[in-house]
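Here is a short report on a ligand site and a helix, written to be read with the structure open beside you.

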Amino acid sequence: MTTTIEDLQAEALARIAVAPDGAAVEALRVAYLGKQGSISALLKTLGAMTPEQRQVEGPRIHALREQVAAALAERKEALEAQALEKRLASEKLDLTLPAPEAPRGAVHPVSQVLDELAEIFADMGFAVASGPEIEDDWHNFTALNMPETHPARAMHDTFYFPDQMGADGRKMLLRTHTSPVQIRTMVADGAPVRIIAPGRVYRSDSDATHTPMFHQIEGLVIDRGIHLGHLKWTLETFLKAFFERDDIVLRFRPSYFPFTEPSVEADVGYAEVGGRRVLGGDGDTPGHAWMELLGSGMVNPRVLEFCGLDPTEWQGFAFGVGVDRLAMLKYAMDDLRAFFDGDVRWLRHYGFSALDVPTLSAGVGVRA
Ligand code: DAH
């Protein structure tokens, strides 16, 4: 017995000391201390010994086991330290090399144009208002003077929520225009009002120039003594700033919207240059034509009444225009669907630098 323990000890410590790697250390652990290991086998012999024998052999065998376990741990640590040394010596980082260029995102043209519009209207004293995209029937239609049976509702075919009723007991819907923000603003804040309301709107429509979701911007001014001249000046000033051309000419054409009276459609003059429509100039002059751009008018007194305002005291004008359309016109893009495809190649081509914040002083539409 005596020789066995000593032999085993000498052999184990010698082999552990020269184990070349982690796997070899592990193999030795199994060979000595594993279930079938030789030291484990020695421990099992204690059971068959007399108490006197056990008193002598027990502490020796346990001491051997601890010694071998400690040697294994030490060897493992030493090998790991060696490996780390080697790696540190071989892997060098040259901090003087230029860093690889990180991919940079681009600002979507719609976001860019929305920023441009906010900047232009802020300069004219307009605040930005917003409303929910899931709207109730009253705000989207009724309060805008489009009662249930009104034929204008047919042009606003949209997506309804069959199981979700609004406070008016009617189905909730995805708003068909930004005009309900007019109602929400007047109901919440009364008059006077001077806001723009940009946002997403929805219609069940889809082809090259219509997508089920698109963007509009609404404008609303309510005050005392507001007339059509204020509307015309505001639209002209806005369009000249937005298209960055002083020769933008507006034409008002009589139209109909339930929420305005009178209603006008605003057209802008343009010329066809190299297959592209370039805004500017009087549409009636040779080589020019008119393009329908936006809807507007004087707020219908019935709408003011729906919002609790006295139409003999307050008047106002409103307008609504497609933001995507403005972006397409200004930046010469022709497929609306590409706006919402999420193709990064398109975005890389048409997108804007995030550092290019539109300001009136630097030009609202600087492309990087
Ligand atoms: N809401 C209208 C639409 O989506 C656009 C519009 C026309 C808005 C005239 C207005 C307005 O504020 O006065 O077709």
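Predicted model: local features only at pLDDT ≥ 70, side-chain atom pairs only at ≥ 80, totals over all residues.

## Who surrounds the ligand

Let's begin with the shell. The ligand has 15 residues around it, and the closest are H177, S179, R203, Q216 and E218. Sorted by class, this shell is made up of 9 polar, 4 nonpolar and 2 charged residues.

## Polar contacts and cover

E218, one of the closest residues, places a polar side-chain atom 2.6 Å from an oxygen atom of the ligand. For Q182, a polar side-chain atom lies 3.1 Å from a ligand oxygen atom. A318 takes part through its backbone: an N or O atom there is 3.2 Å from an oxygen atom of the ligand.

How much of the ligand's accessible area does the protein cover? On its own the ligand has 350 Å² of accessible area, and the protein covers 91% of this. The elements giving two or more residues to the shell are the strands β6 (213–223), β10 (288–299) and β11 (315–322).

## Helix α10

Now move along to α10, which spans residues 323–331. Of its 9 residues, 8 are buried, so the helix is largely enclosed by the rest of the structure. The buried residues are V323, D324, L326, A327, M328, L329, K330 and Y331; the list includes D324 and K330, which count as charged.

After the helix comes A332, and its phi is positive, near 50 degrees.

Technical notes: Residues numbered from 1 in each chain as written. Heavy atoms only, no water. Buried < 20%, exposed > 50% of the residue type's maximum accessible area, 1.4 Å probe, protein only. Helix = DSSP H or I, 4+ residues; strand = E, 2+ residues; numbered from the N terminus. Near = heavy atom within 4 Å. Polar contact = N/O pair within 3.5 Å; in protein donor to acceptor, adjacent residues only side chain to side chain. Areas by Shrake-Rupley, 256 points an atom, 1.4 Å probe, with all protein chains shown as cover.
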